[in-house]
Number of protein chains: 2
Amino acid sequence: MIIVGELINASRKAINAAIEAGDAAAIAQVAKDQAKSGADYIDVNAGMFMGREAEYLKWLVETVQSATDRPCCIDSPDPAAIEAGLAVHKGAAMINSISLEKDRYEKMLPIVAGSGLKVVALCMSDEGMPETTDQRMSIADRLIDSLVQNNVPLDDIYVDPLVQPVSTNKMYGVEFLDAVEKIMTTFKGVHTMCGLSNISYGLPARKFMNQTLMVMAIAKGLDGAIVNPLDKRMMACITAAETLAGRDEFCTKYLKAYRAKAFEF
Amino acid sequence: MIIVGELINASRKAINAAIEAGDAAAIAQVAKDQAKSGADYIDVNAGMFMGREAEYLKWLVETVQSATDRPCCIDSPDPAAIEAGLAVHKGAAMINSISLEKDRYEKMLPIVAGSGLKVVALCMSDEGMPETTDQRMSIADRLIDSLVQNNVPLDDIYVDPLVQPVSTNKMYGVEFLDAVEKIMTTFKGVHTMCGLSNISYGLPARKFMNQTLMVMAIAKGLDGAIVNPLDKRMMACITAAETLAGRDEFCTKYLKAYRAKAFEF
């Protein structure tokens, strides 16, 4: 399971302030905390800063990599901003994200083609957010096919089926979960990756709902997640679900998490 | 989702004592508490009392049904004890359980054949506990086929795939989960039902592990569970998972549970 730590995002107040103030120590601390809590990649997002996104993204990459040994997940819809971040990144970054939206697709493809980078591939097209499993599969099919043809191996592709709020349609959970399963079984070797918090939009007890969907998605094959690694309950859910999904020899990860008090709620 | 409340079981100290003392008020209270917390059936088990099981089971059925309007799940491997309980039961009981073990099968079949009773069908044969999905499917196939031929409709059959501890084999979670999915998709209209606590045998934080498996099993199609309905966290997991599984129009059940403070942990 690949964990992408989501906290260094300019849409969060404290991060926004730290970026504006050039407070490298604050950013470094959040990077370290996430790495310590199990993040494999540190997401960096400066999307709130119109006009300065590329500059800030570059600074974020440098700041994170001076504090931890984890690669970054460079998070922007803007290819120029991504390239600025990549220019200073050491090791193989993850790019967040490409999609089937024509403009984004055409500008992002040259960056990832044959690059050895990991890439998040959103099930999104110019027709908007998909609603059904079939719509997601149709987009995933075209995206994966084109990426593979452009020398991005399946193992470097993380398909995000995109979650929609279950409060607006009772089938939105199922359509997402079935898409995870179908993507993982149809394109053997590809990965799935997502943020889940949209599912609980408009509902109370959102964290609990998000954790529950995470466990269900792992049952369906999900092997990547963009989460807050400091959320001990979410991380415990992921660990336990992985153990039950047959991904934990001798329950080693589960026992280690227990000893680290991950299950004290 | 059918919830069978598991608490009235003579293997539990307080229940054992209440049965021996003929303390109907104590049993009635546990029945009422479970019904109030969402149990659709109240399991009654007097298996610890060799020689007096039939007598006690009869008393338990009468006591539970004088306290609640819920039917019982009459729980014994002994057909004579089941018949004693059935003789005084009002309405359609659930029988727990038939299996493919020759002796139990031959004695239990005449009780359930064409009876209108619900029946739990264990994936167990004289060859012992199944380990793989295929072994479970082979037993389920023969059991379901024979029950249907003996006028037990699919809708009255609750197949229990049987859970084995993940601490002894990392694939035991997956083999169980895949069996749930395969049973539900292969025999359209049948139900699945199980107690889950075996999964966490030998591990710490057992309740958390059991809750996690429950959520995963619902993602795979599980629609019945033998649980402690007073375990608010477990019931919250079931409610949230059902909402995400597309079984909760307008999130009504989820919102109701939230208002009843089921999500306060």
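**Definitions applied to the interface of chains A and B**

Trainee: Glu181(A) and Lys220(B) have their closest N and O atoms 3.7 Å apart. Why is this called a salt bridge?

Mentor: A salt bridge is a side-chain nitrogen of Lys or Arg within 4 Å of a carboxyl oxygen of Asp or Glu. At 3.7 Å, Glu181(A) and Lys220(B) therefore form one. The count between chain A and chain B is four.

Trainee: On what conventions do these values rest?

Mentor: This is a predicted model, in which local features need pLDDT of at least 70 and side-chain atom pairs count only at pLDDT 80 or more, while totals for chains, interfaces and linings use all residues. Residues are numbered from 1 along each chain as its sequence is written, chains are lettered from A in the order in which they are written, and side-chain values use heavy atoms, without hydrogens and water.

Trainee: How do you know how the two copies are related?

Mentor: Superposition is by least squares on the C-alpha atoms of residues with pLDDT of at least 70 in both copies. A rotation of 180° with 0.0 Å of shift along its axis places chain A on chain B, with an RMSD of 0.0 Å. The copies are therefore related as by a two-fold rotation axis. In chain A, Met216(A) has the C-alpha nearest that axis, 2.5 Å away.

Trainee: What makes a residue part of the contact between the chains?

Mentor: Contact means heavy atoms within 4.5 Å. Chain A contributes 39 residues and chain B 39 residues.

Trainee: What is the area buried between chain A and chain B?

Mentor: Buried area is the accessible area (1.4 Å probe) that two parts lose on being put together, summed over both. Here the value is about 3300 Å², with 75% from carbon and sulfur atoms. In chain A, Lys170(A), Phe208(A) and Leu244(A) lose the most area to chain B, together 23% of what that side buries.
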